Amino acid sequence: MDEDRSHGDHKLVIGLTGGIGSGKSTVANMFAGFGASIIDTDVIAHMLTQPDGAAMQFIIGAFGGAYADSRGGLDRGAMRTLVFSDPQAKRQLEGILHPMILDCANEQLARANGAYNVLVVPLLIESSAYRKRVDRMVIVDCDEKTQITRTMARSGMGEDAVRAIINSQASRQDRLAAAHDVIDNDGDLARLKTQVELLHRRYLVLAKQKAEKCSK
């Protein structure tokens with residue numbers, strides 16, 4: 001076990017990541033269906049930035065009310081435009097959100113009671129804090145054209161905006177180089193589920209091995 005991991009954390013933690021539009025949420029839902037606990041940092045971020053979310057007072061204090069929507073939650077479009085044009089604003093936002101997200105993720109990991117934990121982190125490759133929390137990394141991979149098409153369809157963003165997000169993330173090559181396991185999501189859902197089920201069976205074995213090792 002990594003020395004930076006919390007003592008007494010005996011449950012296997014799988015880090016799940018992939019580029020925008022790769023299908024991380026779909027894969028996470030499949031793992032959940034097989035009995036894994038899912039801790040999704042995107043879900044946590046949305047919770048923190050919804051109306052009355054714990055981060056909103058700090059975001060409004062730092063950036064002003066123009067970055068809140070009519071309900072008091074984060075205006076994601078306005079903030080996205082700002083952080084892509086202003087690196088200092090991006091760092092400032094990350095300084096507010098990232099520690100809060102990490103604390104919430106650690107709390108959820110401590111409470112999770114699934115067969116093993118799947119920690120979903122879009123920027124897992126870039127973040128040493130999260131990489132220290134995981135025993136193994138699985139990458140959801142697909143062609144860049146697929147990423148763009150899926151993201152445009154679900155978000156309404158234009159191609160240039162999606163490409164800007166892709167270019168701001170770790171490259172596909174870097175993700176694949178860091179992966180212990182890779183899930184190919186360029187096919188249909190049946191093929192995707194087969195891959196997830198095979199990994200689930202492997203992770204059950206690894207989870208048992210880790211629990212036994214930690215109990216000695």
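Me: How should I read the accessibility of Asp181 in this predicted model, and does Asp181 count as buried or exposed?

Reply: Relative accessible area is read against a cut-off, and buried means under 20%. Asp181 has 5% relative accessibility, so in this predicted model Asp181 counts as buried.

Me: Which residue forms a salt bridge with Asp181, and how far apart are the closest N and O atoms?

Reply: The general idea is that side chains of opposite charge can pair when their charged atoms come close. Here the partner of Asp181 is Arg136, and their closest N and O atoms are 2.7 Å apart. The pair links distant parts of the chain, since Arg136 sits in strand β4 (residues 136–141) and Asp181 in strand β5 (residues 181–184), 45 residues apart. Arg136 and Asp181 also belong to a network of salt bridges, in which they are linked with Arg202.

Me: Where does Arg172 find its salt-bridge partner, and what does that pair tie together?

Reply: Arg172 forms a salt bridge with Asp141, with 2.8 Å between the closest N and O atoms. Arg172 lies in helix α9 (residues 172–178) whereas Asp141 lies in strand β4, so this pair ties together parts that are 31 residues apart in sequence. The two ends are placed in separate classes of accessibility: Arg172, at 29%, counts as partly exposed, while Asp141, at 10%, counts as buried.

Me: How many salt bridges does the count come to, and which residue meets Asp184 in one of them?

Reply: The count comes to nine salt bridges. One of them joins the side chains of Asp184 and Arg191, at 3.2 Å from N to O. Asp184 is partly exposed, with a relative accessible area of 27%, and Arg191 is likewise partly exposed, with a value of 40%.

Me: How many disulfides does the structure hold, and are Cys104 and Cys142 buried or exposed?

Reply: A disulfide is judged from the sulfur atoms of two cysteines, which must lie within 2.5 Å of each other. The structure holds zero disulfides. As for the cysteines you name, Cys104 is buried with a relative accessible area of 15%, and Cys142 is buried with a relative accessible area of 2%.

Me: Which strands pair with β1, and in what sense do they run?

Reply: Strand β1 runs parallel to strand β3 (residues 117–120), to which four bridges join it, and Leu16 stands opposite Val120 there. Strand β1 also pairs with β4 in the parallel sense, again over four bridges; on this side Ile14 stands opposite Arg136, and Thr17 has Ile139 as its bridge partner. Strand β4 is itself mostly covered, five of its six residues being buried. Strand β4 pairs in turn with β5, in the parallel sense and over four bridges, with Asp141 opposite Asp184.

Me: Which residues line the largest cavity, and how much space lies in it?

Reply: There is one cavity of 30 Å³ or more, and about 30 Å³ of space lies in the largest cavity. Its lining is made by Gly19, Ser22, Val140, Asp141, Cys142, Gln147, Arg172 and Arg175, with β4 and α9 each supplying at least two residues. By class, this lining has two nonpolar, three polar and three charged residues.

Me: How much space lies in the largest pocket, and which element gives the largest share of its lining?

Reply: The largest pocket holds about 1,500 Å³ of space. It is lined by 45 residues, of which Asp42, His46, Pro122, Leu123 and Gln169 are the closest to its centre. The elements that give two or more residues to the lining include α1 (24–33), α2 (41–48) and α5 (87–111). The largest share, eight residues, comes from α5. The lining of the largest pocket divides into 20 nonpolar, 15 polar and ten charged residues.

Technical notes
Residues numbered from 1 in each chain as written. Predicted model: local features only at pLDDT ≥ 70, side-chain atom pairs only at ≥ 80, totals over all residues. Heavy atoms only, no water. Buried < 20%, exposed > 50% of the residue type's maximum accessible area, 1.4 Å probe, protein only. Salt bridge = Lys/Arg side-chain N within 4 Å of Asp/Glu carboxyl O. 1 Å grid on protein atoms, 1.4 Å probe; cavity = no way out; pocket = protein on both sides within 12 Å on 5 of 7 lines; lining within 4 Å. Points joined across faces, edges and corners; volume = space filled by probe spheres on them. Nonpolar A, V, L, I, M, F, W, Y, C, P; charged D, E, K, R; others polar. Pairing = 2+ DSSP bridges.
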